[in-house]
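Keep the picture open as you read, and try to find each part as it comes up.

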Amino acid sequence: MKESDDETRQDRDAATRGQKLTSQRPAPSSRRVFASSRLRVSALWESFRVAFASLRANKMRTALTLIGIVVGVAAVIAVVTIIKGLDQTVASTFSSQGSTVFTVTKRPLVITSREQFIQTNKRKDVTNEDADAIKRLCTSCWRIGTAVGRRETIKHGDQKSEDVSTRGMSLIMFDIEALNIDAGRLWTESEAAAGRDVCVIGVDVLENVFGGASPERVVGQELRVGGRSFEIVGVVQKQGKIFGFSRDNFVFVPFETFQKIYGTRDSIAVYVQVPAAENLEEAEDQVRAVMRNRRGKTFNEEDDGFALETQDVFLNIYGSATSNIYLVTIGVAAISLVVGGIVVMNIMLVSVTERTKEIGIRKAIGARQADILQQFLIEAVTVAAIGGAIGVLTGFALAYLLSMLMGFPLLISITSAVLGVGVSSFVGIISGIWPAWRAARLDPIEALRAE
Amino acid sequence: MTEATLASVEKDEIIGRGELLARDAVPASLISMRDIWKTYVMGTEEVHALHGVSFDVQKGEYVAIIGPSGSGKSTLMNLIGCLDTPSKGQYWINGKQVAEMDDDELARIRNQEVGFVFQTFNLLARATSLHNVELPLIYAGVSATERHEKAKQSLTAVDLADRMMHKPNELSGGQRQRVAIARALVNNPSILLADEPTGALDTHTSYEIMNLFEKLHAEGNTIIVVTHEQDIAARAHRVISIRDGQIEKDERIR
């Protein structure tokens, strides 16, 4: 009985040995490649599993690591989203006028130095006569409007509102600035010519001095502007906010009325609109010639003595401001991601030291260096990517809050979300390499001895 | 019957050519160590943990390696288990020359040819019994369903079918060691290599574990137990005594 048992066992041994030898020798390389490619898939899944288990087991540590990444990514996402929202606002606001409008004023919209202020202050005012000359001589101009403004306190009953933009405008300004009347009407040409005390108001005025009454209710009511009584004939459609500032807090009165009250000593602005963008340059040249001529400027005098500007001036200033913000943000992001990377590396080094025994066990049962490397690298990338994802969400939430406060559209960009997670994952890889490499190189005997 | 014979002739037939160097001759034994030396350099001094150890283990043997601490038996165990390579000498396991393998090749041998059982179990604390047993299969690249199936079988073989979802800290010492044994066996290794497997267990549980080893041996597994306890060694069929880095005695007791 025992004999036969032994014999069968020996037979089986011989069979398996022969099989192992023959099956192994002819093509060892292909077999290894096959085995290792399969190995990667199962070990990869194991790596993710271990990574999540380890992150869950050390919640406090994970949270601190995450903060390092979240702050940087959130800051970038918030700033980028806000700027994109502002871009959208600016684009839509200014495209309603298009680049077919330019203005002639005494001073430029933005003054960048004290010298410039002093110099431009010495200039002659832009007057009604200048506007008339432009109307008469500029053949390429389509619409020519005049406007002049100051800030006044307005009152109705016992309610008052200070520092309200009060503008005297020629009728055609409503066409140039594409303003629509929501309730009531615009003043008539005869009312303007007579200098009647009529006005149209922005919707904020309803809120501020009429206790939120509807536009229809206030038409025909009295409004005191700078102590003088005006009749409200119309309300302008709501225009919304730009950069958090309302564009609906105004009182518009006829240009003639304004000058009747305040005199003609304030420098006015002449608005010129051309039929299409390609006519702009020609019209600008004509207006410049007319104005220089009226100021007695010879061709070799550099200063015009007035400012001729399109909205491009504003757009340029806006563009350079936001590009500076972008640059600063990228700088801040780079610094915070480096800091985040160092945090991740530090935590991973602690993790490797703490889990030396585990590494020893895994190596003893057949994990290769590549498997251990992969495991710790994935752990680093996982924490960084999760941090990135939370950062993206936090950034969008911040941008959302600010867009609510400041009144611009929220533009969630998938690109920046992907970029946020991608960049932080990359940081994870970079900062995970060294700790993972150390783990992979551990001597299994030493590692097993660790506590 | 258990004589160590070099099967160079057999290998020549398989490979089909005759000009093999002597060191490439593959022994027929499952484990074959030839003049193994392990030398550590401590400062300026060379310490020989093993000097000139040679022995063979045939498939299906149950061998105890016994010796006092400092005898070199731990070093020998690390070499047998392919956790380390010898400074000098040749070591074949299942026909593969291990002595000059690099780290990744050794990892592969550990994964496929050796099943470790440790004194302190060395289970992953956060993983269930099932996952612990699956681990060698993960590194062997076995698919998830097959892995589950094999791990379950292995746990059932050590009577732990009802403890698959328990974590090590929810198990007794004996149960933990049985999980470790299930893990060691799951990849069908050539040898089961146990290092003081009952060192952390009480007498009764030790007895159970040793019974389990006997059962596994009866099922055809090759077992090598490294211990310093005479009564544990006495359960084996062959005892190799190590002293001062050399084999002092190699006797068949059953």
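## Two helices side by side

Which residues in α6(B) meet which residues in α7(B)? On the α6(B) side they are Gly173(B), Gly174(B), Gln177(B), Arg178(B) and Ile181(B). Across from them, α7(B) brings Thr205(B), Glu208(B), Ile209(B) and Leu212(B). Before going further, keep in mind that this is a predicted model.

Now for how the two helices lie. Helix α6 of chain B covers residues 173–185 and helix α7 of chain B covers residues 203–218. Their axes come within 9 Å and cross at roughly 20°. Angles under 35 degrees count as roughly parallel, so α6(B) is roughly parallel to α7(B). As for handedness, the crossing of α6(B) and α7(B) is right-handed.

## Chain B in outline

Let's step back and look at chain B as a whole. Its helices number eight, and it has 10 strands. The chain has 254 residues, and 48% of them count as buried. Take the contacts in chain B with a separation of 6 or more: 67% of them involve residues 24 or more positions apart.

## A helix on the inside

How many of the residues of helix α4 of chain B are buried? The count is 12 of the 12, which means that this helix (residues 129–140) is largely enclosed by the rest of the structure. Among the buried residues of α4(B) are Leu130(B), Val133(B), Leu135(B), Leu137(B) and Ile138(B). The list also includes Ser129(B), His131(B), Asn132(B) and Glu134(B).

## Two open sheets in chain B

One open sheet in chain B has four strands, in the order β2-β1-β4-β5, with antiparallel pairing. Its edge strands are β2 (45–57) and β5 (96–97) of chain B, each pairing on one side only. Inside this sheet, strand β1 of chain B (residues 31–42) runs antiparallel to β2(B), and nine bridges join the two. If you want a spot to look for, Val41(B) stands opposite Glu46(B) in β2(B).

Another open sheet in chain B has six strands, in the order β6-β7-β8-β3-β9-β10, and here the pairing is mixed. At the edges stand β6 (114–117) and β10 of chain B; each has a single partner strand, so one side of each is left without a neighbour in the sheet. From one strand to the next, the twist averages 20°. Strand β3 (residues 62–66) and strand β9 (residues 238–243) of chain B pair in the parallel sense, over four bridges. There, Ala64(B) has Val239(B) in β9(B) as its bridge partner.

## A closer look at Arg252(B)

Is Arg252(B) buried or exposed? You'll find this residue in strand β10 of chain B, which covers residues 246–252. Arg252(B) has 11 C-beta neighbours inside 10 Å, and a residue with 12 or fewer is exposed, so Arg252(B) counts as exposed.

Leaving aside neighbours within four places in sequence, Arg252(B) is in contact with His237(B) and Arg238(B). Arg252(B) and Arg238(B) are 14 residues apart along the chain, yet their C-alpha atoms are separated by 4.2 Å.

## Over to chain A

Chain A has 16 helices and 12 strands. It has 451 residues, of which 36% are buried. Among the chain A contacts with a separation of 6 or more, 83% are between residues 24 or more positions apart.

Find the hairpin made by β2(A) and β3(A), with two residues between the strands; Gly157(A) in the turn has a positive phi of about 60°. Strand β2 of chain A (residues 143–156) and strand β3 of chain A (residues 159–169) run antiparallel and are joined by nine bridges. His156(A) stands opposite Gln159(A) in β3(A). β3(A) also pairs with strand β10 of chain A (residues 250–254), in the parallel sense and over five bridges. In that pairing, Arg167(A) stands opposite Phe252(A) in β10(A).

What should helix α14 of chain A span at 1.5 Å a residue? With 38 residues (369–406), the helix should span 56 Å. Its end C-alpha atoms are 54 Å apart, which agrees.

How values were computed:
Residues numbered from 1 in each chain as written. Chains lettered and ligands numbered in written order. Predicted model: local features only at pLDDT ≥ 70, side-chain atom pairs only at ≥ 80, totals over all residues. Expected span 1.5 Å × (residues − 1). Pairing = 2+ DSSP bridges. Buried ≥ 20, exposed ≤ 12 C-beta atoms within 10 Å, placed from the backbone. Contact = placed C-beta atoms within 7 Å. Axes fitted to C-alpha atoms, helices over the stretch in contact; angles between N-to-C directions. Parallel < 35°, antiparallel > 145°, perpendicular 65-115°, else oblique. Left-handed = near helix turned anticlockwise from the far one by under 90°.
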